[in-house]
Amino acid sequence: MPIRYDQIDSKTFQDGSAVGITPRDIIELVTAFRLYGFFRIDLETGHFFATPDVYTIFGMEYQTGPMNLLEFRDHIHPDDLPLLMTSFERASTHKEIYHNIYRVKRPEGAYRFVRTVGKFREKEGTPGELVGITYEFFERLRTIAFASEFDEP
């Protein structure tokens, strides 16, 4: 599979409050109709923490605390794993934002494409951390869906 390297010069932050949308509204809207997980990698300990949607995307059972990285790795297509690891290393070293599109094995054995967008974040007194999102691609279909309620914290 060919690799495409994207170069993004700059992207301005879109402040939802400028149009009356809160950060909670944004998260609610983004996660309403697709699996959309959030993660954090502590660079000092190497621990990888993820929300339940990341576990679902990778066909893993959710657990609190650090994710089992060996199990996580086993779900990534072997040809895609080196590029993903290189992205983690480069983002950590150069304090960059990155994205990858790669294949993840679903429980039934088929591979699906997912996209991860992450960035380096300073964390005082430590080497820092990577934070990001992972979501699953799906076929483009003409569709309509409605949700009447959202879970409140």
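This is a predicted model: local features need pLDDT of at least 70, side-chain atom pairs count only at pLDDT 80 or more; totals for chains, interfaces and linings use all residues.
1. Strands here are DSSP runs of E with at least two residues, and helices are H or I runs of at least four, both numbered from the N terminus. Two strands count as paired if DSSP finds at least two bridges between them.

2. Numbering starts from 1 along each chain as its sequence is written, and side-chain values use heavy atoms, leaving out hydrogens and water.

3. Now the pairings. β1 (residues 36–42) and β5 (residues 129–136) are joined by seven bridges, and R40 has V131 in β5 as its bridge partner. Eight bridges link β4 to β5, with R115 opposite Y135 in β5.

4. β3 and β4 share nine bridges, and Y98 faces G118 in β4. The two strands make a hairpin with five residues between them, and G109 in the turn has a positive phi of about 100 degrees.

5. Have a look at H77, in the loop between α3 (69–74) and α4. Buried or exposed? H77 is buried, at 13% relative accessible area; the cut-offs are under 20% for buried, over 50% for exposed and partly exposed in between, using a 1.4 Å probe and protein chains only. Leaving aside residues up to four places away in sequence, H77 touches R103 and Y111, where contact means heavy atoms within 4.5 Å.
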